[in-house]
Amino acid sequence: MKTPNIFREITHLSSEDCFIIQSRIKSDFTWPIHVHPEFELNFIEGAKGARRIIGDSMEEIDDLELCLVGNENLEHGWMNYQCKSTNIYEITIQFHENLFLESLLNKTQFRSIYTMFENAQKGIVFSRTAIEKVKDRLIALTKNYNGFYSVVELLSILHELSNDENIRVLSSTTFGEMEGSADNSRVQKLNCYFYENYQNEIYLADVANYLNMSEVSLSRYIKKHTGKNYIEYFNDLRLGVAARLLVSTDKTISEISFECGFNNLSNFNRIFKKRKGITPKEFRESYSMMRRLI
């Protein structure tokens, strides 16, 4: 299901370039929600109170912000929201998804970058500690572009960021229309079961039987690979589908609630706000507001 009225950005990155980097001082955010095939590393300083939208994640940002997005269908953008600053510093780095060959990233020394790129399919935000480690290097990269050595420096910065133990994945799997990583067939099978049954009640025993696992083993597996119990996991997948319907259809919130398997509207609103930080109505309105900037 494609989302209408999302701006597809045409970047200035040519097939002969390794990456492009832009830095700017600005007073507000005016660029609409957009998508593009290139990976994007975006640093923002001095925009405390602005709102970041990546997929179905909406969060108010602090005075330091650094995100990596690596999915050509994952909508992302920033809006003024509660930001009072008129002195916002932003650095944007865009590079081709195949800049670093998969055969290289599969080597032991590069596995952390590979994992980071996998997570970037859903958008990731880095911890303040990690941002402070690379901030000066990012700024220096905007001033001292030097061909080959700049590419090496970018790779080094990415390696530093990939070792951040507090990286947070932002968007849900179902919003980005992905089915788990390619090297995890069991997760794919689990998500496949979800897509076929999310409109109905999903019982742990039925899922365990589908995967030829015991209920205890399945519960442990889901917890290990997602950090959530099975109810939280399937609810989050449902919320991803619901969020996509909120921004891509004119269906009422009540219709979406029941279509996604929630037993009543108040329960849906409560769970949505608990997980997303805003109500379904606010979520839909924020997307609509960003679209009107196009």
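Residues are numbered from 1 along each chain as its sequence is written, and side-chain values use heavy atoms, leaving out hydrogens and water. As the model is predicted, local features need pLDDT of at least 70 and side-chain atom pairs count only at pLDDT 80 or more, while totals for chains, interfaces and linings use all residues.

**View 1. Phe 39 and Phe 95 form a stacked aromatic pair.** A search of the whole structure turns up 17 aromatic pairs. Rings of Phe, Tyr and Trp (its six-membered ring) pair if their centres lie within 6.5 Å; planes under 30 degrees apart count as stacked, over 60 as edge-to-face and the rest as tilted. Here the rings of Phe 39 and Phe 95 are 5.4 Å centre to centre, with 20° between the planes. The pair links distant parts of the chain, 56 residues apart: Phe 39 is in strand S4 (residues 39-45) and Phe 95 in strand S9 (residues 88-95). Helices (H or I, at least four residues) and strands (E, at least two) are DSSP runs, numbered from the N terminus. Phe 39 is buried at 6% relative accessible area, and Phe 95 is buried too, at 1%. Buried means under 20% relative accessible area, exposed over 50% and partly exposed in between (1.4 Å probe, protein chains only).

**View 2. Phe 272 meets Phe 283 edge-to-face.** The ring centres of Phe 272 and Phe 283 sit 5.6 Å apart and their planes are at 75°, so this pair counts as edge-to-face. Phe 272 belongs to helix H10 (residues 265-276) and Phe 283 to helix H11 (residues 280-291), so the pair ties together parts that are eleven residues apart in sequence. Phe 272 is buried, at 0% relative accessible area, and Phe 283 is buried at 0% as well.

**View 3. Phe 234 sits in the largest nonpolar core.** A nonpolar core is a set of buried Ala, Val, Leu, Ile, Met, Phe, Trp, Tyr and Cys residues joined through side-chain atoms within 4.5 Å. The largest one has 39 residues, and those with the most contacts inside it are Leu 190, Val 207, Leu 218, Phe 234, Phe 283 and Tyr 287. Helix H8 (230-248) is one of the elements that give two or more residues to this core, and H8 gives the most, with ten residues. Leaving aside residues up to four places away in sequence, Phe 234 touches Leu 190, Phe 194, Ile 202 and Val 207; contact means heavy atoms within 4.5 Å. Ring pairs also link Phe 234 into a cluster with Phe 194, Tyr 195, Tyr 198, Tyr 230 and Tyr 233.

**View 4. Two charged side chains sit over tyrosine rings.** The charged end of Arg 51 is over the ring of Tyr 81, 3.9 Å from its centre. Lys 189 lies over the face of Tyr 210, at 5.3 Å from the ring centre. A charge sits over a ring if NZ of Lys or CZ of Arg is within 6 Å of the ring centre and within 35 degrees of the ring normal.

**View 5. Ser 127 lies in a loop between a strand and a helix.** The loop runs between strand S10 (124-125) and helix H3 (128-143). Ser 127 is buried, with a relative accessible area of 15%. Not counting residues up to four places away in sequence, Ser 127 touches Asp 164 and Asn 166.
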